[in-house]
Amino acid sequence: MCWLRAVSLISVIFLACTNGGQPAYRSQPIYGNKQRYYGNQQYYYVKPLQPEYKCIERNLQYDCVFYNVHIDMQTQDVYFGFEDITLNNQKNVTFKNSTMRKLPAALLASFRQVELLNLNDLQIEEIDTYAFAYAHTIQKLYMGFNAIRYLPPHVFQNVPLLTVLVLERNDLSSLPRGIFHNTPKLTTLSMSNNNLERIEDDTFPSDYIASKSST
C-alpha cells in the first residue's frame, strides 16, 4: 500500500511505500535523490526538477532498460540508479521511449560495470566532457542515429577496453587529434553518414591500421 502525506508548513512531501522490505523500483522518473528507510517503509524527499531514473526492466539482450528518460540541454542534477552504486551492477544498458539532448556524466558515474551501452537514436546533440570518465569496463558503445556535432578531445580517454564504437548518422564534421590514442582494443569503428571531410594522421595511434571503404 502506498500513501502520500504533505506537510504544508515546510513544503516537504514524503512518499512512502511498503513492499516487503525490497527496494521500490520505478519505470517513471522519481523527482528527488534522498532516500530514507524506516522499518519496512521507504521515504523519498521530493525535489522538483531533479529527475532520478532507475532501470527496472530487462530482456534477453539487456539487463537494464531505461524507459521514458527525457533530458534536454537545460536539465541539471539528473540521477541514475541507486545512491549505493554497488547496486547498479548491470552490464548491458539501453534506453526506450527516451530523448537525451545532452549525455550527462551522471549515467556512468552511477553505472560503473557497463560493458555494452546502447545510446542509439536518443537525439543526442552534446556529450558532457566527463560522460565516459567511469567507462573503464565498456567494450561496445553505440551512439548512432543522433545529432552529435562535436566530440570532446579526451572523451574516450578512460575507455581502454572499447572494441566497438558506432557513430554513424550523426553530424560530425571533424575528429579531435588523438581522440583514439587510449582505445588500443578498438577493432570496429563505424562513422558512415557524417559530414567528415578530413581525418588527421594522429587521430589514431601510430600502430593502428585504419582502412577506408570505397562505399
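1. What share of the contacts in the protein with a separation of 6 or more comes from residues 24 or more positions apart? Such residues account for 54% of those contacts, a contact being heavy atoms within 4.5 Å.

2. This is a predicted model, in which local features need pLDDT of at least 70, side-chain atom pairs count only at pLDDT 80 or more, and totals for chains, interfaces and linings use all residues. Residues are numbered from 1 along each chain as its sequence is written, and side-chain values use heavy atoms, with hydrogens and water left out.

3. The pLDDT (the predictor's confidence in each residue, from 0 to 100) averages 81 in the protein, and 73% of the residues score at least 70. Over residues 44–48 the pLDDT is below 50, yet this stretch has 21 contacts in the model beyond near neighbours in sequence. Residues 210–215 also stay under 50, with 0 contacts beyond four places in sequence. Where pLDDT is low, the predicted coordinates should not be read in detail.

4. The protein has 1 helix and 17 strands; these are DSSP runs, helices being H or I of at least four residues and strands E of at least two, numbered from the N terminus.

5. Of the 215 residues in the protein, 40% are buried, meaning under 20% relative accessible area (1.4 Å probe, protein chains only).

6. The structure holds 1 disulfide, defined as a pair of cysteine sulfur atoms within 2.5 Å. Cys55 is joined to Cys64, with an S to S distance of 2.3 Å. The torsion about their S-S bond is about -120 degrees, so the disulfide is left-handed. Cys55 is buried at a relative accessible area of 10%, and Cys64 is buried at 0%.

Key:
Buried < 20%, exposed > 50% of the residue type's maximum accessible area, 1.4 Å probe, protein only.
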